[in-house]
Amino acid sequence: MQAADIRAQWEGAAPGWARWETTVATWMEPATTAMLAMAGVDAGARVLDLACGAGSQTLRAGQRVGARGHVVASDIADTMLHHVQENARAAGLTNVTTLAGAAEDLAVAAESFDAVICRLGLMLFSDPAKALLAVRRAMQPRGKVAVVVFTTPAANTFMAQSMQILLRRAGKTPPAPGQPGIFSLGDPGVIERLFVDSGFVGVEQHTLALTLRMPSATQALAMMQEAFGAYRAVVSDRPEAVRVAAWAEVAETLKTLETATGFAAPAEVLVAAGAKPA
């Protein structure tokens with residue numbers, strides 16, 4: 001997929017992502033906390049947030065680094081960055097700025113960041129290895145990068161089954177190994193190898209089980225349709241009848257996860273970090 005297509009995909013998802021940002025932030029809270037800690041996001045640090053989305057984790061980083069620190073939120077979609085700016089202003093944070101562009105084409109000065117974070121983005125980059133090389137160049141020696149990615153389809157069945165339905169209805173094949181995809185970095189050893197091959201040392205990893213809880217399956221479907229750019233993209237170029245049928249089948253699958261107290265879907269992420277050598 002070309003950069004222009006990727007940008008269009010996420011521009012289309014940006015309003016929905018902003019609408020559901022609080023839900024995603026609550027879902028990912030333990031992973032976000034671990035990511036910030038593993039990246040060494042502390043008082044006074046200069047932090048780069050890649051594929052920042054609407055920026056709930058950007059604001060967390062901004063609060064942690066304080067007035068002496070700074071956070072640069074980067075995303076391929078300008079609309080996402082607009083939401084970050086609005087959210088930072090509303091939170092009273094003056095230490096957050098934005099940078100538009102793809103992570104692979106990172107245009108920042110060498111050795112200008114102490115820490116780099118990326119929540120739920122790296123697995124969808126067109127070239128994660130190229131992005132990590134750009135990140136390593138942008139980091140201070142001994143600086144750390146920490147990312148959050150989904151693990152395997154088996155551990156994220158509601159997401160995997162929904163994607164399978166959309167692909168089948170659209171007449172498309174799943175991403176080949178090594179291609180961008182929701183689960184492309186989730187198999188054991190894959191992300192560690194990627195970090196090491198990109199020149200990072202001291203790689204550490206933690207697997208976290210995070211249940212997505214929402215009032216209903218109907219709301220879960222709406223979030224997937226509106227905010228999940230990779231899911232929207234599968235059927236966006238198909239006729240309306242195909243899109244309607246695909247999402248109707250996804251809705252039926254999600255309903256199986258409704259309980260008396262609402263929608264509850266097991267999920268699993270991997271938080272991984274590595275350091276730039278001294």
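Predicted model: local features only at pLDDT ≥ 70, side-chain atom pairs only at ≥ 80, totals over all residues.
A residue counts as exposed when its relative accessible area is over 50%, as buried when that area is under 20%, and as partly exposed in between.

**Helix α10**

- Helix α10 spans residues 240-255, and its 16 residues reach 22 Å from the first C-alpha to the last, which is close to the 22 Å expected at 1.5 Å a residue.
- Its buried residues are A246, W247, V250, A251, T253 and L254; seen down the axis of α10, these buried residues fall within an arc of 160°, so they line one face of the helix.
- An α-helix has 3.6 residues a turn, so residues three or four places apart point the same way.
- The packing partners of the buried residues of α10 are the helices α6 (157-170), α8 (217-227) and α9 (229-235), together with the strands β8 (258-259) and β9 (262-265).

**A8 in helix α1**

- A8 belongs to helix α1, which covers residues 3-19, and with a relative accessible area of 48% A8 is partly exposed.
- Although 221 residues separate A8 from G229 in sequence, their C-alpha atoms are 9.7 Å apart in space.

**A100 in strand β3**

- A100 lies in strand β3, residues 96-100, and counts as partly exposed because its relative accessibility is 47%, a value that falls between the 20% and 50% cut-offs.
- Leaving aside residues up to four places away in sequence, A100 touches D75, D78 and L81, while A73, 27 residues away in sequence, is 8.5 Å from A100, C-alpha to C-alpha.

How values were computed. Residues numbered from 1 in each chain as written. Heavy atoms only, no water. Helix = DSSP H or I, 4+ residues; strand = E, 2+ residues; numbered from the N terminus. Buried < 20%, exposed > 50% of the residue type's maximum accessible area, 1.4 Å probe, protein only. Contact = heavy atoms within 4.5 Å. Expected span 1.5 Å × (residues − 1). Arc of directions from axis to C-beta.
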